[in-house]
Amino acid sequence: MIRIIIADDHAVVRKGLKQIFDETLDLVVTDEANSGIELLDKIKKNDYDVVILDISMPGKDGLDTLKELKSIKPDLPVLIFTIYPEEQYAVRVLKAGASGYINKESEPELLIEAIRKVSHGRKYISPYLAELLASNLDTGEAPLHEQLSDREYQVMCMIASGKTATD
């Protein structure tokens with residue numbers, strides 16, 4: 001049985017994932033967190049086999065949460081489950097220690113496959129992300145946005161979404 005904790009600030013997402021996993025024999029949601037801070041608190045006290053983590057959450061965002069989580073439990077697989085496209089965050093979170101990256105638009109079967117894969121200590125990337133990574137190898141150059149620090153990238157995304165410097 002693969003014990004999962006879901007960290008997402010949207011209750012409907014957590015409930016939907018639980019319904020999907022209820023239809024499987026080997027996946028069980030044993031806990032939920034609606035923020036990065038709550039997730040970190042729970043992983044210190046309990047044991048899980050896989051963490052499903054959203055990037056965009058109030059307070060401590062998913063990337064910061066991931067880094068702190070990996071310092072507490074480095075062997076705990078974390079599957080990033082988010083609305084953001086792979087080219088925006090995938091490489092960054094994989095470098096930060098995530099075991100996989102999957103978009104919320106993916107089919108439930110793909111999510112289940114990803115969870116099973118990371119729970120066995122393997123990495124999960126979509127065919128699209130594999131192609132993206134392979135094309136970067138061909139040119140030998142990473143896209144410019146990948147050269148930014150995590151904080152610089154976060155600020156750039158906020159500006160691109162219409163936030164002001166004060167925000």
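How many bridges join strand 3 to strand 4 (residues 78-82)? I looked this up in the model, which is a predicted one. I counted 3 bridges between strand 3 and strand 4, and the two strands run parallel.

Entry: Within the pairing, I noted leucine 53 opposite isoleucine 80 of strand 4.

**Entry: the other partner of interest.** I then turned to strand 1 (residues 2-7), which is joined to strand 3 by 4 bridges. Strand 1 and strand 3 also run parallel. Here I found isoleucine 6 opposite isoleucine 52 of strand 3.

**Entry: side chains of strand 3.** Are the residues of strand 3 (residues 50-53) buried or exposed? I found Val50, Val51, Ile52 and Leu53 all buried. Val50 and Ile52 point one way from the strand, while Val51 and Leu53 point the other way.

**Entry: the largest pocket.** I looked up the volume of the largest pocket, which is about 340 Å³. I noted 14 lining residues, and those nearest the centre of the pocket are Ser56, Tyr84, Tyr89, Gln154 and Met158. Helix 4 (86-95) and helix 7 (150-160) are the elements that give two or more residues to this lining. Which element gives the largest share of the lining? I found that helix 7 does, with 3 residues. Sorting the lining by class, I recorded 6 nonpolar, 5 polar and 3 charged residues.

Definitions and conventions
Residues are numbered from 1 along each chain as its sequence is written. This is a predicted model: local features need pLDDT of at least 70, side-chain atom pairs count only at pLDDT 80 or more; totals for chains, interfaces and linings use all residues. Side-chain values use heavy atoms; hydrogens and water are left out. Buried means under 20% relative accessible area, exposed over 50%, partly exposed in between (1.4 Å probe, protein chains only). Two strands pair if DSSP finds at least two bridges between them. On a 1 Å grid over the protein atoms alone, a cavity is a set of points where a 1.4 Å probe fits but cannot get out, and a pocket is an open set with protein on both sides within 12 Å along at least five of seven lines; lining residues have an atom within 4 Å of a point. Grid points are joined across faces, edges and corners, and a volume is the space filled by probe spheres set on the points. Ala, Val, Leu, Ile, Met, Phe, Trp, Tyr, Cys and Pro count as nonpolar, Asp, Glu, Lys and Arg as charged, and the others, Gly among them, as polar.
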